[in-house]
Amino acid sequence: MATDDVATDHVATDHVATDHVATDHRPDELGLHHISVRFGGLTALDDVSLRVAPGRIVGVIGPNGAGKTTLFNIVSGFVTPSEGSLTLGGRPWRPRPHHLNRLGIARTLQGVGQFNGMTVLENVMVGVRGRHAESEAWTALERCGVTRFAGDRPGALPYAVRKRVELARALAARPRILMLDEPAGGLDADEIRWLAGLIKDVGITVLLVEHHMDLVMSVCDEILVLDFGKPIALGTPAEISADPRVTEAYLGTAA
Amino acid sequence: MTRPSVRESRDAASDVPRGERPRSLRRLAPPAMILAGALVIVGLSFLLPPFRNYQLATVGAYFCVTGGLTVLTGLNGQLSLGHGALMATGAYTFALAQNRWLSLPVSLVAAIVVTTVAGLVIGLAAARLRGPYLAGLTLAVAVVVPSVTSTFDEIFNSDQGLSVALDPPPGTIPVEQWQAWLCWAGALLSTSLLAVLVRGRFGRDLRAVRDDETAARLAGVDVARTQVAAFVVSAACAGLSGALFAVLAQSVSPGAFPLTLSLFLLMAIVIGGLGSLAGALGGAFLLVALPTLAQAVAEGTGSPRLEGNLALVIFGVVLVVVMLAAPGGLASIRFRRRRTS
């Protein structure tokens, strides 16, 4: 049996139940074990291990080219690791992009990955399986404060609204694990404050890749720092901000 | 704290467009559309002379294939230059089945099934290709299929083609009127099914894949399966269309399905409005009207040599003019007018 089948077998398929916390048996714990990724002669990730515990908010930071998005692509199934393995809910797991939604994992993209030929409501409905797609989409739009744009095409909307729409699509499927890839990019201070509130209140496991340090430090329970694909620090925001290796990685000088 | 209901939150958003019809009305739309369309066609068929009825029937037959191509190219973003070949597959299957069993329903079903299987095979290959490579694959299909008739001439009778045995129309109904009813029954049924399909989850998946494959995957859409499904649905429509053309001509030959037919079909859905079934209807109408117009112009100038090429020229000019005036095609003009009124 394929390893991804092992992971999907125990997943409840009806994830549109209203009281999803009580009935949802989808896993919300993610593990990366000694992951390495090489593209030809370039090592994008080198022996990275990380456990994202249920309900925790874990940030992944590092300078440009550190391998943050590659790490997300590993978990999303877009990139296969050269070495190492992944677990979901404690079981071996080989991710495939279009299975993530069913497994309760939602991911946003850098920038805005949207369907410009559809209305905002339809964009969000794409992320929801089942008969209640429309009501779940409205609920997600409401949560992200963009119901009034439901009938508009995303391409015509301000960037901040489009980011919210993408978040709404991710949340509409009621995920147990939310992966946010630079969600604060291009947003102003008010929008970032709103985003921080949402991440804190969402109540599910969150994996966050972000350059905006204030956001990362204010919302994360734990932070992994990557530099040239290597994990150089893992700890609480206070520990990370006091770590001289992190300062060196970002500023290029010893603290 | 209690969360406002979906309806309350919708009402609170005062500027949410209210263009959506209630769900009950949306469910009724396809049967109502079939009924209204059937009444119009039956009424028209009693008013029109035989040749116009034949043209009406031809529009119906084209509407089947342009509807399917709209789903594939307009909604799913897969370019096909081989739909003429799929029509030929349907037409030849219909002819062989009809000559063997002389049963119109059986032959129509056989044509749809065989073309659907052909579409599945092409779709499986097409799902791995993008852009010019996909166009190249479908172009190869358009070139290869007619040559098959020469290779297996014992079955397909080479360039001469096959004549199609058909029962006479029931009662005293004129042949052309019967053909119009038959072709439009096929067109209305197939496009109503397409309308139902594209309104739901399948339609959203099609458009999601067209707009952003990565985001679609992350939203749970199986991109390859959606692309193959689009090809299968589109091929089934092309097969039905081919069979109806065999009914109209009462014969099939490779010359009836040249490469230019595939190009005409593509131009028709672009002019009509890519991604819109109303646009597919407009395109089907143009496919019949423009050659007629070209013929009239050629006869007016007294140049029979002009007649063969003028249709392509007129199609090209119309394509350029429509793209300049309304890049969304004729259907978008209708839509814009409705929104501004």
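This is a predicted model: local features need pLDDT of at least 70, side-chain atom pairs count only at pLDDT 80 or more; totals for chains, interfaces and linings use all residues.

Tutor: In chain B, helix H4 (residues 83-101) packs on helix H11 (residues 223-249), with the axes 7 Å apart and an angle of about 55°. That angle is why H4(B) counts as oblique to H11(B). As for handedness, H4(B) passes H11(B) in a right-handed crossing. On the H4(B) side, the residues in the contact include B:Leu86, B:Met87, B:Gly90, B:Ala91 and B:Phe94. H11(B) answers with, among them, B:Ala238, B:Gly239, B:Gly242, B:Phe245 and B:Ala246. Sort the residues of this contact by class and you get 12 nonpolar, 6 polar and no charged.

Now over to chain A. There, H6(A) packs against helix H7 (residues 159-172) at about 135°, with 8 Å between the axes. Because of that angle, H6(A) is oblique to H7(A), and their crossing is right-handed. H6(A) brings A:Glu136, A:Ala137, A:Ala140, A:Leu141 and A:Arg143 to the contact, while H7(A) brings A:Ala168, A:Leu171 and A:Ala172. By class, that's 6 nonpolar, no polar and 2 charged residues.

Across it, 28 residues of chain A are in contact with 23 residues of chain B. Helices H4 (100-103), H5 (120-126) and H6 (133-143) of chain A each give two or more residues to that side, and H6(A) has the largest share, with 4 residues. The class count for chain A's side is 9 nonpolar, 12 polar and 7 charged.

Conventions: Residues are numbered from 1 along each chain as its sequence is written. Chains are lettered from A and ligands numbered from 1 in the order in which they are written. Two residues are in contact if their C-beta atoms, placed from the backbone, lie within 7 Å. Ala, Val, Leu, Ile, Met, Phe, Trp, Tyr, Cys and Pro count as nonpolar, Asp, Glu, Lys and Arg as charged, and the others, Gly among them, as polar. Axes are lines fitted to C-alpha atoms, for helices over the stretch in contact, and angles run from 0 to 180 degrees between N-to-C directions. Angles under 35 degrees count as roughly parallel, over 145 as roughly antiparallel, 65 to 115 as roughly perpendicular and the rest as oblique. A crossing is left-handed if the near helix is turned anticlockwise from the far one by less than a right angle, and right-handed if clockwise.
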